[in-house]
Amino acid sequence: MTTPQTHDETIDLLQRWHGGDRAALGELLERHLPKLREFVRTRLDLDARHVRRDQDSLDLTQHAAVRVLEYMPRFVPRDGQQFQALLRRIVTNALINEVRAPKHRLREQRNGGYGDSMLDLRSSPHSSMQPERAIAAREQADETRAWARMALEFLDDECDRQLVLLAAVDERPWNEIGEATEMTPDAARMRFKRVMPKLANRIRMLREGRIDELLEQFG
Amino acid sequence: MSFLPDRDSRFAQAEAALADYLARREGGEPLEFERFCAEHDEIAAELQLLFRTCESLDRPPHQDSFAGLVGLPESLARAHNRFADYQVGERIARGGMGEIVAVHDPVLRRDMVMKIVRGDDWRACDERARRVERFLREARTTGQLDHPGIVPVHELGVHSDGRPYFTMKRVRGQTLADLFAQHRKGDIDWSQARLLIVLQRVCEATAYAHSRGAIHRDLKPANVMVGDFGEVYVMDWGLSKLRDDAGQPETSSVGASSSGDSLATMEGEVIGTPCYMSPEQAAGAQNHVGPATDVYAIGAMLYELICGSPPYCVEGRAPPPHAVLARLLRGPPAPLEHCAPRTPAELLAICDKAMRRDPRQRFVDARDLASDLAAFAEDRVVRAHRTGPIVELRKWIRRNRALTASAAMALLAVLVGSVWIARANRDLAGALQSQVETARFGAYRSNLLLAQAELEAGNDERAAYWLGECPERERGWEWRHLALRPLSNDRRVALSMEASALAFDRGGTRLAVGGREGDVLVLRSSDFDVLSAFRVPPTDNVDWVADLAFDPTGGILAVATKGAIPTLWRVDDGGYVGALVGHRSEVVDLSFGLDPDVLYTAAADGSIRAWSVSQQRELSRLDFDAALPTSLAIDPAGERMLAGFSDGAILEWELGSWCVTTRLEFPGESVAQVRYDPKGQLLMASSNQPSADRGITRLWMARTHELWKELRSDGVVLGSQVDVDAGLVCVASSSGDVAVLSIDSEDAIDQIGLVASGLRHRKPTAFCAADFAPAALGDLHMTSGHGLLARSGFTRRTSDFHFESSGNDRMQFSRRHPSEPRLAIATDSTITLLDSRTGRHVATLEQHEETVNCVAFTRDGRRMLSVDDNGRLVEWDARDYRVLRKRELGASVLAVCGSDASDVIVFQREDLGIGVLIGDDPAPRWTLAPSELPGEVFKPLVTRDGRRVFAATGERTVTEFDARDGRPLRTLLAPTRLIGVLALSPDEQFVAAGCDDFSVVVWSLVRGNVERRLLFGAYSSTEFLQTPVVTSLEFDATSSRLFAGLGIGVFCAWDLPRGELLLCAPALRGWITGLDVDPVGGRVWLTNHRGELRVLESDPRVAAEFARGMRMEILAGRWRKRE
């Protein structure tokens, strides 16, 4: 049986994880997954029988939780309770996404695997910089995407969440985005333009640590 | 004075205003942001903040093509590209520059990967050019390197939108990064010694590249692939640097960017990955980059192997790249002696030399490094490490252990005497025998894995070779299962004529082939031995054989030439029987019904006629004015006739009454051929699209005339046939090719052309015919040009059947009867029984009102137990499936198991824990509370005699209880945490359970200790999102094989006595809920909770029978086949 976690332990684990301690990820999952699974089983508006026996939902829960921790930007919630609430919000979105028709289902892709080498043509305008600046520029871009990834969970409209994920996080081409969202590329791009300020505002609130407000307002 | 809204309100206003601004600007309005801010002065600060964030997230507009791409070599732009020929599969990876997708080349029938430049947004024109330049560099570099350790490039081409791509061999295996992780976890398969060999191979491939002037510049564990058989590949040469002949750095072949710089000469460009990057790379000094740079990277990999983490990283921590770079620039990494003090000094010296900060002090090149690694492995002198004479002597003794051992033995023999020698020899013989057996099994396992890989790659012949190399004594179920699969066994024979028609007799034992000049051969199907031959005399100066038909007895062959008079011949001796005179124009088709005396013909004179063969006169006729009949068929029952017409109409008649019963259509097209399938379940018709060189084949249900499938093929259709059992259609076209199409996937699975088939021809021919041999499951015969080919390889997976239940109901669980060919499948609240040999439906049992989640048979096969979500337990008589008893166990029952005798039932409930019922107990006799159970293991077990119960009672323990009173008898301890299910062997001598360290533990109940730990092998922790759950476990009848289904749908099979993995492959999606082993035939059944059933077969006769049976089930709509 697990001992009740304290906010210090969760925060401490998060900070260790941000510091590169891989073992911290496993501990975080061990502490928070049981409650998250229980939440999925009992609280979500899904057929309880299917959820209980449908290991896909539980797998998805864990999968979503792992991905949250992997992409989460380097911020620390107030305590473990807030962290759990954040996980629930994100996992809820992930499960809703999962029960949608397959063609609409988002599949977050893993970028990289093709080499996380330092030569990154996306940063080509800085290619004449010294190495440290090139690395810093890339890290900043990664951080921005991480914030966007988290902030999109607080967009109410599913289509908007799709758009942001595909355009700002996965950086897919517009023709693919159009296909996935059943819009023309131009229409998708227009809609993305309209969503960006909303997303930027969410990012602002997240950076300011106002997660409770976001959860209350958009959860 | 106005009220100033609070901050959030201002941000909300800014959000709305900015959205409007961005949308208008996107729409083309020439708006300036500064002016916009000035117009919204009260929220200007908020607008600025949000705008900056938006800019960092924004994406440039869509770019459709690479049109006008600067710098694409003209030769490449002009090159013929085969992109359209490839069948593109899943995307494997995507990175900053391009994508990697799986492709299949249908011409050469091989799987490859394709790297293609990403076609999405560009920030600048010169970036696009640079991206292409790097891409081409990788293709050219790899294409110029011909080494077993470098993946060959097959083709470099250009997509229709202008994006370059290249194809490469697909490598299946793991990266060195994965193997390092496994090594850190203590995987005995990947010891340090073995990984050092891998690094040697990396050195050899890199050294070869150095000899050809290429420097990788980005060597790291993620760029090294190790195949399933230990072959090593160095991947991703995209950052490589090439020297020209003068030894100078290569200048870019791409046109200069707007700034006038080229990639290779750009100072300050960082290339590499920080942890494995050399100091000169980190400093951006590209002019100092050379072979020693790659040596450093390999040294860094060696460092990671020794230390457990890459240089500048502490174990278990991954600092951000900038931190690693900073440390790298400051100085060397932590000394290896500190993190791996027990490492041999020679190995430390090798690593140290490879990672010297001054490139001139490192190994000269990778070959030098490989040499020292080999010396270390062979206990020879390592040049990087200076030693003395005593150390060298010790090494010499170790290397020549056998020699010194023999000398020692000789000395002892002299001292002790001959008796001692005899004893030593017996021990030696025993040890040698043991080694021989170990070596033989090792050979079996290696050859088996090689065969698996070749089958996956579609190389059937090579797979058959490796299977043949497997020692016969070791061959088990898995060998028989794989041996069924390589089926490509073409038989060819050259013909002296140009063949134009082909037909089988009803039994498929004889085959008639007709030629262009009236020649007809009757051959024995099995060996193409000529039984008889004759020549049809020309009629109307035409002798070209258009069609052939055997009568039902096989004694008479009717031949239609392009003339108006069909002729009749004796099959046995080729003797002339007679001619049927009456038609005024060429006979286009002919067919017998059930009556051997009645032949039906269709002709271009617009008539269909029935003839008496014995009297050689017309019996009846139908005349048509509007269109001409083009094809004719009689159903196998002899009751119906089907005809196709030149206007696309298809009519069906009832033969007795000549009443038209059905009309179907190919609008606007001419029907090329109509057929019934040999069992009369389908109607088939092929037509040709007049506007395109394509044919369409449609299949209708024979009884309902519901259109079932529409298949497309290339070329003008000359003829087509269907083999329903095999799920195949073959279409012969005027190009001389035969297309073989899969009915289920509607895809062309083969295109047998003249060249591919190996049939000889003197000139291109438009004559082509094909048919499936009756009762031979997908055995296609075709004739084209001057050759006859028989090929049976299309149903290559007759050892592997994969279905899913159709409709909305999902199969939840399945269980096989232990001794009878019955499979019980739970689908919602219903239990369906199938004949497990034929797949045919047997019965449906409906006694539950809620979803059935568990079905179990007692080991003696007399009773079946089923339980549903509400906890209703139904006991059935497993012979006649009458209900014996019902009980209510309460909701949330996870598993149930019953003994043979003594009427003991053990079940596990989420809230109750484990309960044991004996006899007519209305409530459990005793229980194990959930608090006493670990929660990650389920499926308790009971022995056949009902005396003992096994259940997981702790994180690492399984307890044996007395079934009567729950008294603990014994505890079995696992080396690590248990997760998943338990299994009891048929002889009740072993218990197995899944563990959370990617293994299965097997206890011996005789000795009470761990007998084996079985590893999952190729599937490392990176394959699992979380702990690996063993969801199904089964022993075979002799306890020599153990089978497991995993939570990610992977199926594994081990040789239990030796503890070796024999098969491991993905089998189903998600959680494998049911796994059964047929104790007699060695068949393995797998089911999951998504309604999928997969059967892995090892008996060819059963496989064929099962295929036919499931085909009927599919036609009945109860199942769908999954490709």
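Modeller: Let's start with a definition: a charge sits over a ring if NZ of Lys or CZ of Arg is within 6 Å of the ring centre and within 35 degrees of the ring normal. This is a predicted model, where local features need pLDDT of at least 70 and side-chain atom pairs count only at pLDDT 80 or more, while totals for chains, interfaces and linings use all residues. Residues are numbered from 1 along each chain as its sequence is written, chains are lettered from A, and side-chain values use heavy atoms, leaving out hydrogens and water.

Colleague: What makes B:Arg194 lie over the face of B:Trp190?

Modeller: B:Arg194 is at 3.8 Å from the ring centre, and the limit is 6 Å. B:Lys353 lies over the face of B:Phe363 too, at 4.8 Å from the ring centre.

Colleague: Why is the pair B:Phe33 and B:Phe36 called tilted?

Modeller: Their ring centres are 6.3 Å apart and the planes make 35°. Rings of Phe, Tyr and Trp (its six-membered ring) pair if their centres lie within 6.5 Å; planes under 30 degrees apart count as stacked, over 60 as edge-to-face, and the rest as tilted, so 35° gives a tilted pair.

Colleague: And what makes B:Phe1043 and B:Phe1051 stacked?

Modeller: Their planes are 10° apart, with 5.9 Å centre to centre, and stacked needs under 30 degrees.

Colleague: How do you know that B:Phe33 is buried?

Modeller: Its relative accessible area is 9%, and buried means under 20% (exposed is over 50%, partly exposed in between; 1.4 Å probe, protein chains only). B:Phe36, at 7%, is therefore buried as well.
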